[in-house]
Amino acid sequence: RRWVSGETVCYLGLPRRLDIQAGATAVTPLDSVLMVCVPDAASEKAALAAKGWLRQQALAHFQQRIEHFRTHFTLQSVSIRLSNARSRWGSCSRSGTVSLNWRLVQTPDFVRDYICVHELMHRREMNHSARYWRHVAEAFPRWEEAERWLKANGGLLR
């Protein structure tokens with residue numbers, strides 16, 4: 001897909017029509033529109049501006065949600081970083097770094113929350129054993145629905 005006016009990009013699970021205009025660099029979400037202003041309205045520059053803005057939103061969102069779930073489940077502190085991976089939604093290192101794909105900011109709330117919980121449960125189990133999946137299921141009962149959503153729609157995320 002291209003980052004041109006009229007194309008659709010999702011933000012927080014809702015489709016937004018791109019409206020690219022010439023002007024000082026800025027990205028503004030308006031109801032069903034994501035307005036992207038760049039000096040010469042070139043598709044490449046609009047893509048960079050829009051993706052940069054989405055990454056900023058993703059980081060702020062994930063910092064808040066990870067801290068919420070970490071506190072709720074009484075887990076150790078973690079550091080958060082964004083990923084640009086094409087085949088992985090998230091990971092958690094033994095040292096406590098949770099990496100989350102910035103493209104998840106385009107998904108519905110329950111999908112983003114599931115990935116946050118999924119990665120945080122690795123602070124209890126650093127594997128995908130049956131015991132690990134019990135932790136996930138107890139912490140986030142909609143995990144299977146979120147997995148199905150990602151399988152069906154993940155390839156559409158830009």
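**Ground rules**

I am working on a predicted model, in which local features need pLDDT of at least 70 and side-chain atom pairs count only at pLDDT 80 or more, while totals for chains, interfaces and linings use all residues. Residues are numbered from 1 along each chain as its sequence is written, and side-chain values use heavy atoms, with hydrogens and water left out.

**Overall layout**

The order from the N terminus is β-β-β-β-α-β-β-β-α-α-α. Along the principal axes, the C-alpha atoms of the protein chain fill a box of roughly 55 × 30 × 25 Å. Of the 158 residues, 46% count as buried, where buried means under 20% relative accessible area, exposed over 50%, and partly exposed in between (1.4 Å probe, protein chains only).

**Pockets**

I then returned to the largest pocket, whose volume is about 280 Å³. A pocket is found on a 1 Å grid over the protein atoms alone, as an open set of points where a 1.4 Å probe fits, with protein on both sides within 12 Å along at least five of seven lines, and lining residues have an atom within 4 Å of a point. Grid points are joined across faces, edges and corners, and the volume is the space filled by probe spheres set on the points.

The lining of the largest pocket counts 16 residues, and R88, G90, H118, E119 and H128 lie nearest its centre. Besides α2, both β6 (90-92) and α4 supply at least two residues each. I noted the composition as six nonpolar, six polar and four charged, with Ala, Val, Leu, Ile, Met, Phe, Trp, Tyr, Cys and Pro taken as nonpolar, Asp, Glu, Lys and Arg as charged, and the others, Gly among them, as polar.

The second largest pocket has a volume of about 170 Å³, and its lining includes R1, T8, Q106, W149 and L157. Here β1 (8-11) gives the largest share, three residues, and α4 also supplies at least two. This lining divides into six nonpolar, four polar and one charged.

**Salt bridges**

How many salt bridges does a search of the whole structure find? I get six, a salt bridge being a side-chain nitrogen of Lys or Arg within 4 Å of a carboxyl oxygen of Asp or Glu.

One of them joins D113 and R65 at 2.9 Å, N to O. D113 lies in helix α2 and R65 in helix α1 (residues 43-72), so this pair ties together parts that are 48 residues apart in sequence. Both D113 and R65 are buried.

D109 and R112 form another salt bridge, at 2.2 Å, N to O. They are three residues apart in helix α2 and thus separated by about one helical turn. R112 is buried, with a relative accessible area of 1%.

For R131 and E125, the closest N and O atoms of the salt bridge are 2.6 Å apart. I noted that R131 counts as partly exposed at 49% relative accessibility, whereas E125 is buried at 9%.

**Aromatic rings**

I found five aromatic pairs in the structure; rings of Phe, Tyr and Trp (its six-membered ring) pair if their centres lie within 6.5 Å, and planes under 30 degrees apart count as stacked, over 60 as edge-to-face and the rest as tilted. Why is the pair of Y114 and F140 tilted? The ring centres of Y114 and F140 are 6.0 Å apart and the planes stand at 45°, so the pair is tilted. This pair links distant parts of the chain, since Y114 is in helix α2 (residues 109-120) and F140 in the loop between α3 (130-139) and α4 (143-153), 26 residues apart. Y114 is buried with a relative accessible area of 0%, and F140 is buried with 10%.

Ring pairs also link Y132, W133 and W143 into a cluster. Finally, I recorded that the charged end of R142 sits over the ring of F110, 4.1 Å from its centre; the criterion is NZ of Lys or CZ of Arg within 6 Å of the ring centre and within 35 degrees of the ring normal.

Notes:
Helices (H or I, at least four residues) and strands (E, at least two) are DSSP runs, numbered from the N terminus.
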